[in-house]
Amino acid sequence: MKYDNIHIVETLDGSHTLKFADINEHYHSINGAVQESLHVFIKNGFHYINKTKLNILEAGFGTGLNAMLTFREAEKCDKIVDYTTLELYPVNENIFLKLNYAEILNINSDIYFIPLHTCEWNNNIELSKNFHFKKININLSKYTDNKLFDIIYFDAFSPDKQAELWTETVFKKMFSMLNTGGILVTYSAKGEVKRNLRSAGFTVTRLQGAAGKHHMIRAVKTNAINK
Ligand SMILES: C[S@@+](CC[C@H](N)C(=O)[O-])C[C@H]1O[C@@H](n2cnc3c(N)ncnc32)[C@H](O)[C@@H]1O
């Protein structure tokens, strides 16, 4: 894919998203980028796991919105979060400097947002006592790690646009990188996604979706064995 045809769009809650025109795909729901991230990843992901120390993996760093919200939540709840995020096509400075998330959420961009974009790639960075961050410039389908995660934010482009990332093979790899009891959350509740997650070994629950969407998925690694 060529990533030079991206522009900022305002969603219904007033927060920005990006539109990648070549594949006619938005980075978030046009019904509200912030409300979607808060619902899918923070409420139904971050707050579902009751541990004081969390290892989180994000597939698709994009605008940095999920990472920023998680950083803020880690501080609010005094949890220690180790956050690893994968991105093949980083958003450039001309774009991320214009995104209005910090303004909309009334949080300090210089602490919670800009450093996520400007920090070094492929290195562990302690952004605060509570939030340890590593962004990796890699293709999700090539990524493996010995580290085990508690939560995976699966936030790739939609299965209609990037079917190759929503396969049983990719989900088996995600499954193998989770602790038992760990979860994968995603905004898509497409039938094929549920089937592929189940084939990969997950126990799949369909939850109320974010505004404008019927459902989302939380997939739990209830058993350590791949089916
Ligand atoms: C739905 S957007 C992610 C939104 C992001 N979580 C946020 O908060 O803005 C999907 C992201 O996945 C990235 N991506 C696409 N293909 C990828 C791949 N094969 N490996 C890693 N990242 C990929 C895109 O560049 C884009 O940033």
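A residue is near a molecule or strand if its C-beta atom, placed from the backbone, lies within 6 Å of it. The model discussed here is predicted: local features need pLDDT of at least 70, side-chain atom pairs count only at pLDDT 80 or more, and totals for chains, interfaces and linings use all residues. Numbering starts from 1 along each chain as its sequence is written.

Q: Which residues come nearest to the ligand?
A: There are 18 residues around the ligand, and Gly60, Gly62, Thr63, Leu65 and Leu140 come nearest among these.

Q: What is the make-up of the shell around the ligand, in nonpolar, polar and charged residues?
A: The shell holds nine nonpolar, seven polar and two charged residues. Ala, Val, Leu, Ile, Met, Phe, Trp, Tyr, Cys and Pro count as nonpolar, Asp, Glu, Lys and Arg as charged, and the others, Gly among them, as polar.

Q: What makes Val81 a buried residue?
A: Val81 has 25 other C-beta atoms within 10 Å. A residue is buried if 20 or more other C-beta atoms lie within 10 Å of its own, exposed if 12 or fewer, and partly exposed in between, with C-beta atoms placed from the backbone. Val81 therefore counts as buried. Its place is in strand E5 (residues 80-86). Beyond four places in sequence, Val81 is in contact (C-beta atoms, placed from the backbone, within 7 Å) with Leu54, Ile56, Thr70, Ala74, Asn130, Phe131 and His132.

Q: Why does Asn24 count as exposed?
A: Asn24 has 8 C-beta neighbours inside 10 Å, and so it counts as exposed. Asn24 lies in the loop between E2 and strand E3 (25-26). Its phi is positive, about 55°, although Asn24 is not a glycine. Most residues other than glycine have a negative phi.

Q: What makes Asp78 exposed?
A: Asp78 has 9 other C-beta atoms within 10 Å and is therefore exposed. Asp78 is found in the loop between H2 and E5, and its phi, near 50°, is positive in a residue other than glycine.

Q: Why is helix H1 described as largely enclosed by the rest of the structure?
A: Helix H1 (residues 33-43) has eleven residues and eight of them are buried, so H1 is largely enclosed. The buried residues are Ala33, Val34, Glu36, Ser37, Leu38, His39, Val40 and Phe41. Their cover includes strand E2 (16-20), H2, helix H4 (101-105), E8, E9 and strand E11 (215-220).

Q: How do you know that the buried residues of H7 are on the same side?
A: In helix H7 (residues 168-176), the buried residues are Phe171, Met174 and Phe175. They cover an arc of only 100° around the axis, which puts them on the same side of H7. The arc is that of the directions from the helix axis to the C-beta atoms. Strand E8 (149-154), strand E9 (178-186) and helix H8 (191-199) are included in what covers them. An α-helix has 3.6 residues a turn, so residues three or four places apart point the same way.

Q: Which residues of H8 are buried?
A: Val193, Asn196 and Leu197 are buried in H8. They cover an arc of only 100° around the axis and therefore sit on the same side of H8, whereas Gly191 and Arg195 are exposed on the other side. The buried residues of H8 pack against H7, strand E10 (203-208) and E11.

Q: Which residues of the largest nonpolar core touch the most other members?
A: Ile56, Met68, Ile151, Ile152, Tyr153, Leu184 and Val185 do so, in a core of 52 residues. Helix H2 (residues 65-76) gives the most to this core, with six residues. A nonpolar core is a set of buried Ala, Val, Leu, Ile, Met, Phe, Trp, Tyr and Cys residues joined through C-beta atoms within 7 Å.

Definitions and conventions. Helices (H or I, at least four residues) and strands (E, at least two) are DSSP runs, numbered from the N terminus. Two residues are in contact if their C-beta atoms, placed from the backbone, lie within 7 Å.
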